[in-house]
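Please look at the sequence and the 3D structure below.

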Amino acid sequence: MNPALAARRAVHIPRFVRAYAAEAKPHHKILVVGGGSGGLNVANQLYNRFEKEGKKLADGDVAIIDAAEWHYYQPGWTLVGAGLKQKSQLRRRMTELIPKHIALVPEKVASFAPDANSVTLSSGEVVTYESLVVAAGLQINWDNIKGLSPALADPASGVSSIYSYDTCDKTWADIEAFRGGKAIFTQPAGVIKCAGAPQKIMWMAWDRWRRTKRGEAADVEFVTGMPTMFSVKKYSDALNALRVERGIGGLFEHNLVEIDHRARVARFKKPDGALVDKEYTLLHVTPQQGPLDFIKSSPLADGVGWVDVDQGTLRHKKYGNVWSLGDCSSLPTSKTAAAITAQTPVLVDNFYRVAETGEVGGAVYDGYTSCPLLTGYGELMLAEFVYGLKPKETFAAQFGIDQVTPRRLFYHLKKDLFPAVYFGAMVHGKWFGPNGLQPPTFPAKVEAAPSA
Ligand code: UQ1
């Protein structure tokens, strides 16, 4: 046996602890709140940037606060719901993902005190910082839908959701158990992460039933609190045409508010307050989502509860040493891991230039985000867009391929490439979305527009 492995065995240290983080201290130069996609990506890219510039930080100068035992690849939960992956493949222990030069504070944040450059942990301890990056994600409000929790807990209810680790495999079990009847897929009114996921799982279920000769018996309906299939018109129109072509019902501006899982009735609310009850055999629920309470109640929040940052620089509008990205931020774009691949390098560049010169540079986030819309087994429509809901398609730009047409190549990006590059590179700060492994470069300063 190799000596390192023997030593580990001797003291019963499991393999995942090999990269165990630097020591947590009462003060860190850079404090990152959240060890999800945004937090891990930004903590590593910040460390790597200072090192590359010859200003290597000491072990523990960068710390991540996160109490979670597991880190989840959430974009994979749709694949679990569609029977394409095992959920246990898509998570890692947090300690396994944090490199030894970054500290892990395995606690929850209770409150922020940006005027004192500190956060208070739920243990009561206070941690101070020079700079703070908030990448805490969002909150799923399961209890906003009356009867949802007991419906999810009952294995025979036919009610499931791909929006949690605990319930995403129930979705696949329900799809497989379905023999016919009414199948309803819901999307709430308001902001959610990955706004395409509520219909992706519907397209997969529809295709699965069709391929297994259950299509005729399935009456499928998409019931959404939103006015259209998708926010970007180009993709929305194509998805709506697909819905009609496939004989799938569409009910818009109907927001799920209550489930009676014994009677198998779902209740929806219309904008005018009218209630509509619908019977179902299978119900896939996308829960309501919003800002985390500890952010909402903090001085960092905007009027809604998101961390109030500049949409171009990602710097906090009031506190110059505070930054934010990902789901918890106020950035007016769709909340996805793909968005984080574009946000992180901009944040890091501006952060570094502020540290060096006191001012942000020329890095400006254009709102890039992407939604790989599974439309069936072996096909995917790759929506990519920027602020203003304008398409910005990587493959259209490079190869002249219109991404509104579902393709097998895109399907394999989502199913095979993205999960691999996520754990192989992105969590280490080494994946740059459409740029691949190549970090984008930014001008030191935005060129002033030439005067007329
Ligand atoms: C991406 O980089 C990424 O991260 C791993 C995803 O995973 C969730 C994505 O969905 C997308 C679309 C990207 C962007 C990358 C390319 C090559 C378009």
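How many residues of domain 1 are in contact with residues of domain 2? The domain assignment gives domain 1 as 3-138 + 291-360 and domain 2 as 140-288; such bounds come from an automatic or database domain assignment. Between them, 18 residues of domain 1 are in contact with 20 residues of domain 2, where contact means heavy atoms within 4.5 Å. The centres of domain 1 and domain 2, taken over C-alpha atoms, are separated by 32 Å.

Some notes on reading are needed here. This is a predicted model, in which local features need pLDDT of at least 70 and side-chain atom pairs count only at pLDDT 80 or more, while totals for chains, interfaces and linings use all residues. Residues are numbered from 1 along each chain as its sequence is written, and side-chain values use heavy atoms, with hydrogens and water left out.

Next comes the interior. In soluble globular proteins, nonpolar side chains tend to be buried together. A nonpolar core is a set of buried Ala, Val, Leu, Ile, Met, Phe, Trp, Tyr and Cys residues joined through side-chain atoms within 4.5 Å. Buried means under 20% relative accessible area, exposed means over 50%, and partly exposed is in between (1.4 Å probe, protein chains only). The largest nonpolar core has 109 residues, and V119, L132, V134, F185 and W209 touch the most other members. Helix α10 (residues 337-357) gives the most to this core, with nine residues. Helices (H or I, at least four residues) and strands (E, at least two) are DSSP runs, numbered from the N terminus. If neighbours within four places in sequence are left aside, the contacts of V134 include V33, F112, I295 and W323. A second, separate core has 14 residues, among them I145, L148, L256 and F268.

Which residues come nearest to the ligand? There are 15 residues around the ligand, and S370, P372, F418, W431 and G433 come nearest; a residue counts as near if one of its heavy atoms lies within 4 Å. An oxygen atom of the ligand is 2.7 Å from an N or O atom in the side chain of W431. Taken alone, the ligand exposes 440 Å², and the protein buries 95% of that; accessible areas come from the Shrake-Rupley method with a 1.4 Å probe, and for residues only the protein chains shown count as cover. Helix α10 gives the most to the shell around the ligand, with three residues. W431 is also one of the contacts of Q45, along with T344, P345, V348, G429 and F432, again leaving aside neighbours within four places in sequence. Q45 is found in helix α2 (residues 37-52) and counts as buried, at 6% relative accessibility.

Is E253 buried or partly exposed? E253 is partly exposed, because its relative accessible area is 40%. Its place is in the loop between β13 (249-251) and β14 (255-260). C194, in the loop between β11 (181-187) and α7 (197-211), counts as buried at 19% relative accessibility. Its phi is near 45°, a positive value in a residue other than glycine. L314, in the loop between α9 (293-296) and β19 (322-324), also has a positive phi, near 70°. At 0% relative accessibility, L314 counts as buried.

Notes. A polar contact is a pair of N or O atoms within 3.5 Å; within protein, one must be able to donate a hydrogen and the other to accept it, and residues adjacent in sequence count only if both atoms are side-chain atoms.
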